[in-house]
Amino acid sequence: AVVSTQSTGRIEEGKPITVKDNQGNISKSVADVISLHITLCDKLHMDMRAKDELYTDLKCLADVLDRMSSLPPDFEGKMKVSFWVQELDKLSAADTLTEDQVRQMVFDLESSREAFVRTLG
């Protein structure tokens, strides 16, 4: 079987082949990124700290950021969100973040959102 290096790279990065670049629908992507940042910060401020309360929105945010070709691969917002996805991947569904982790995650999400807004011009 022949496997292209692009396919292998996408599989290793956890990006299904059916995911297309969001260049054609940038307005929806921008709205999704902003609303997911706000939703996650709101959840954390409401003391929702369990993995199962945060993971889906966080993973969705990471996926939207990854699909946006206008953002550089080393964009700080992508890196911070990716870090938290990896941290939550280590937890079981009922595990909760500590007070320090919540504080850091809120800080990282807010700075990620601000960096994202700056890229919009």
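## Helix α2

Helix α2 covers residues 26–45. Helices are DSSP runs of H or I with at least four residues, strands are E runs with at least two, and both are numbered from the N terminus. At 1.5 Å a residue, the 20 residues of α2 should span 28 Å. The expected span is 1.5 Å times one less than the number of residues. The end C-alpha atoms of α2 lie 29 Å apart, which agrees.

Ser29, Val30, Val33, Leu36, His37, Leu40, Cys41, Lys43 and Leu44 of α2 are buried. Buried means under 20% relative accessible area, exposed over 50%, and partly exposed in between, with a 1.4 Å probe and protein chains only. The cover over these buried residues includes α3 (51–67) and α5 (99–119). After α2 comes Asp47, with a positive phi near 70°.

## Basis of the model

This is a predicted model: local features need pLDDT of at least 70, side-chain atom pairs count only at pLDDT 80 or more, and totals for chains, interfaces and linings use all residues. Residues are numbered from 1 along each chain as its sequence is written, and side-chain values use heavy atoms, leaving out hydrogens and water.

## The whole chain

The protein chain has 5 helices and 0 strands. From the N terminus, its elements run α-α-α-α-α. Of its 121 residues, 32% count as buried.

Contact means heavy atoms within 4.5 Å. Among contacts with a separation of 6 or more, 71% join residues 24 or more positions apart. The chain exposes about 7,500 Å², and carbon and sulfur atoms supply 54% of that. These areas come from the Shrake-Rupley method with a 1.4 Å probe; for residues, only the protein chains shown count as cover.

## The nonpolar core

The largest nonpolar core holds 26 residues, and Leu58, Met105 and Leu109 touch the most other members. α2, α3, α4 and α5 each supply at least two residues of this core. Such a core is a set of buried Ala, Val, Leu, Ile, Met, Phe, Trp, Tyr and Cys residues joined through side-chain atoms within 4.5 Å. In soluble globular proteins, nonpolar side chains tend to be buried together.

Beyond its neighbours within four places in sequence, Leu58 contacts Leu40, Val81, Trp84, Val85, Leu88, Met105 and Leu109.

## Lys78

Lys78 sits in helix α4 (residues 76–89). Its relative accessible area is 12%, so Lys78 is buried. Leaving aside neighbours within four places in sequence, Lys78 contacts Leu65, Asp66, Met68, Leu71, Pro72 and Pro73. Lys78 and Leu65 are 13 residues apart along the chain, with 6.2 Å between their C-alpha atoms.
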